[in-house]
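Please examine the sequence and the three-dimensional model shown below before reading on.

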Amino acid sequence: MANLRIDIRTDETVHVIELAGDLDLAGVQRLEEALADVESGRPATLVIDLRGVGFMDSSGLRSVIMAAQRAEEDARRFALVPGKKQVMRVFEITRMEERLEFVDDPASLARPR
């Protein structure tokens, strides 16, 4: 069973998927289901909050990248709230921290850039 908790909330126009636990092969399917649910509403802005993630492997990274690509294709904004050092290391090693948007506070995205 996946050790991943997923909470979804909406702050004004920003939809936030908060993750806690391990974002690995065992939990990716649950994240994909949550993403599909949120994306079906065509939100203007989608944020994945990684602060509660203790571990992330390449399958978790792939899921995040695919969500970012779908958002770009649909002209929606996509961002991540940075996680713990070991989680961020996955983004650094793959240089994805240079290609994805990271924000400290999802509420900041409710305001125009």
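Predicted model: local features only at pLDDT ≥ 70, side-chain atom pairs only at ≥ 80, totals over all residues.

Residues are numbered from 1 along each chain as its sequence is written, and side-chain values use heavy atoms, with hydrogens and water left out.

The sheet comes first. Four strands form an open sheet in the order S1-S2-S3-S4, with mixed pairing. Strands (E, at least two residues) and helices (H or I, at least four residues) are DSSP runs numbered from the N terminus, and two strands pair if DSSP finds at least two bridges between them. Strand S1 (4–11) and S4 stand at the edges with a single partner strand each, so one side of each has no neighbour in the sheet. From one strand to the next, the twist averages 20 degrees; angles of this kind run from 0 to 180 degrees between N-to-C directions, and axes are lines fitted to C-alpha atoms, for helices over the stretch in contact.

Asp 7 has Glu 18 in S2 as its bridge partner. S1 and S2 form a hairpin with two residues between them, and Glu 12 in the turn has a positive phi of about 55 degrees.

Strand S3 (residues 45–56) and S4 pair in the parallel sense over five bridges. From S3 the chain crosses through helix H2 (residues 58–73) to S4, and this β-α-β crossover is right-handed, a term that applies if, with the strands pointing away from the viewer, the path from the first strand over the helix to the second runs clockwise. Within this pair of strands, Ile 48 stands opposite Leu 80 in S4, and Thr 45 has Arg 77 in S4 as its bridge partner.

Two packed helices are described by the angle between their axes and the distance between the axes. The axes of helix H1 (residues 25–39) and H2 come within 9 Å and cross at roughly 15 degrees. That makes H1 roughly parallel to H2, where angles under 35 degrees count as roughly parallel, over 145 as roughly antiparallel, 65 to 115 as roughly perpendicular and the rest as oblique.

How are the residues of S4 covered? Five of its five residues are buried, where buried means under 20% relative accessible area, exposed over 50% and partly exposed in between (1.4 Å probe, protein chains only). Arg 77, Ala 79 and Val 81 point one way from S4, while Phe 78 and Leu 80 point the other way. Phe 78 counts as buried because its relative accessibility is 9%. The C-alpha atoms of Phe 78 and Val 14 are separated by 9.7 Å, although these residues are 64 apart along the chain.

Why does Arg 77 count as buried? Its relative accessibility is 15%. The side chain of Arg 77 makes a polar contact with the side chain of Glu 101 at 2.4 Å. A polar contact is a pair of N or O atoms within 3.5 Å; within protein, one must be able to donate a hydrogen and the other to accept it, and residues adjacent in sequence count only if both atoms are side-chain atoms. Glu 101 is placed in the segment after helix H3 (85–93) and, at 25% relative accessibility, counts as partly exposed.
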